[in-house]
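Hi there,

Here is the structure I promised to pass on to you.

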Amino acid sequence: MEMTQGYTPYQGFFKRLSVIDWLYAAVLGTASLYVLSQFGQYMDIYEKAILLLTAPTLAWLGWHWKPMRSLTLTLALLALFQSTMVRWIWRLKYLLSRRFSGGNLKVLSIRLPGPSFAAVFS
């Protein structure tokens with residue numbers, strides 16, 4: 001009785017990565033370089049180092065734990081559209097308060113992190 005098993009050679013780590021994994025890393029790298037080019041003059045050396053080390057760290061986490069990719073991209077999209085959401089919430093509060101004769105609508109007092117309403121619309 002001879003038992004034969006199929007031998008599969010070990011693939012290296014980078015050979016196991018798919019095109020999606022590489023695109024994820026490229027998007028992270030491109031985004032961090034864009035942020036550095038736009039806001040680099042406002043950062044000190046420590047903030048620049050944190051920004052530049054975040055991209056490879058998130059890429060490594062996304063390669064080893066696949067749900068991290070969707071979490072990272074979802075949080076990035078929410079951060080991009082936060083100011084738009086704040087403006088729409090403010091407009092909705094304004095329209096509803098005028099509609100209901102200036103009543104103080106405590107139900108709609110939503111506070112999002114970031115700049116205050118006065119800073120956004122001044």
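One thing to start with: how many nonpolar, polar and charged residues are there in the lining of the largest pocket? The lining has 14 nonpolar residues and three polar ones, and no charged residues. Please keep in mind that this is a predicted model.

Now for the chain as a whole. The protein chain has six helices and zero strands, so you will read the elements from the N terminus on as α-α-α-α-α-α. Of its 122 residues, 16% are buried. The chain exposes about 10,200 Å², and 69% of that area is supplied by carbon and sulfur atoms. If you look at contacts between residues at least 6 apart in sequence, 55% of them join residues at least 24 apart.

Back to the pocket, which may be of interest to you. The largest pocket has a volume of about 550 Å³. It is lined by 17 residues, and those closest to its centre are L28, A31, S32, V35 and A76. Helix α2 gives the most, with seven residues.

Is S32 buried or exposed? S32 counts as buried because its relative accessible area is 8%, under the 20% cut-off. Leaving out residues up to four places away in sequence, S32 touches L51 and A55.

The other is D21, which also lies in helix α2, residues 19–39. The relative accessible area of D21 is 2%, so this residue is buried as well. Which side chain does the side chain of D21 make a polar contact with? The partner is the side chain of K66, at 3.1 Å. Apart from neighbours within four places in sequence, D21 is in contact with W63, K66 and R69.

Best wishes

Terms used:
Residues numbered from 1 in each chain as written. Predicted model: local features only at pLDDT ≥ 70, side-chain atom pairs only at ≥ 80, totals over all residues. Heavy atoms only, no water. Helix = DSSP H or I, 4+ residues; strand = E, 2+ residues; numbered from the N terminus. Buried < 20%, exposed > 50% of the residue type's maximum accessible area, 1.4 Å probe, protein only. Polar contact = N/O pair within 3.5 Å; in protein donor to acceptor, adjacent residues only side chain to side chain. Contact = heavy atoms within 4.5 Å. 1 Å grid on protein atoms, 1.4 Å probe; cavity = no way out; pocket = protein on both sides within 12 Å on 5 of 7 lines; lining within 4 Å. Points joined across faces, edges and corners; volume = space filled by probe spheres on them. Nonpolar A, V, L, I, M, F, W, Y, C, P; charged D, E, K, R; others polar. Areas by Shrake-Rupley, 256 points an atom, 1.4 Å probe, with all protein chains shown as cover.
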